[in-house]
Amino acid sequence: MSQRVFSIRADRRIIQPVLLFLALASPLGQGELIARQSGTTVLGIRQAELRKVRLIVPPLKTQTIASRALDAICQQIDVLESKNTNLRKTRDLLLPKLISGEIDVESLDSATETDLEELAA
């Protein structure tokens with residue numbers, strides 16, 4: 001992509017993308033990447049060094065079965081991370097209002113979700 005940025009694409013005939021991602025994100029994969037990084041002011045890893053990272057690659061049939069389950073798990077993680085972000089934003093918006101007394105806690109007992117959205121607006 002550029003001199004300092006490049007992308008990695010899994011060859012599906014060899015390894016499923018989700019397995020490559022999880023392998024490189026694992027503590028073992030991160031250790032391999034860190035061991036191969038170089039540079040003084042900006043640390044990085046050369047493409048030639050990245051190609052030397054060793055991965056355990058199961059048979060393709062096993063990968064296909066595992067990747068179906070792992071894809072679903074990764075999608076659920078994305079959904080939950082999005083919900084967590086939304087909850088953090090809501091908390092950060094409501095907390096100062098609660099502390100200042102702008103929102104009466106007693107009125108929240110019977111509040112509906114629509115009411116809470118209106119309070120946050």
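## Exercises: helices, core and surface

The buried residues of helix α2 pack against α1 (17-25) and α3 (47-50). Here, buried means under 20% relative accessible area, exposed means over 50%, and partly exposed lies in between (1.4 Å probe, protein chains only). Keep in mind that this is a predicted model, where local features need pLDDT of at least 70, side-chain atom pairs count only at pLDDT 80 or more, and totals for chains, interfaces and linings use all residues. Residues are numbered from 1 along each chain as its sequence is written, and side-chain values use heavy atoms, with hydrogens and water left out.

**Exercise 1. Find how many helices and strands the protein has.**

Step 1: Know what to look for. Helices (H or I, at least four residues) and strands (E, at least two) are DSSP runs, numbered from the N terminus.

Step 2: Count them. There are six helices and zero strands, and the order along the sequence is α-α-α-α-α-α.

**Exercise 2. Work out which residues of helix α2 are buried and which exposed residues lie on the face turned away from them.**

Step 1: Pick out the buried residues. In α2 (residues 27-36) they are G29, E32 and L33.

Step 2: Look down the helix axis. These buried residues fall within an arc of 95°, so they line one face of α2. The arc is that of the directions from the helix axis to the C-beta atoms.

Step 3: Turn to the other face. Pointing away from the buried side are the exposed residues P27, L28, I34 and A35.

Step 4: Recall a general rule. An α-helix has 3.6 residues a turn, so residues three or four places apart point the same way.

**Exercise 3. List the members of the largest nonpolar core, then trace the contacts of L50.**

Step 1: Recall the term. A nonpolar core is a set of buried Ala, Val, Leu, Ile, Met, Phe, Trp, Tyr and Cys residues joined through side-chain atoms within 4.5 Å.

Step 2: Name the members. The largest core has nine residues: A10, I15, V18, L19, L20, L24, L33, L50 and V53. Its largest share, four residues, comes from α1.

Step 3: Follow L50. Apart from neighbours within four places in sequence, L50 is in contact (heavy atoms within 4.5 Å) with F6, I8, L33 and I45.

**Exercise 4. Decide whether L98 counts as buried, partly exposed or exposed.**

Step 1: Locate the residue. L98 is found in helix α4.

Step 2: Apply the cut-offs. L98 counts as partly exposed because its relative accessibility is 31%.
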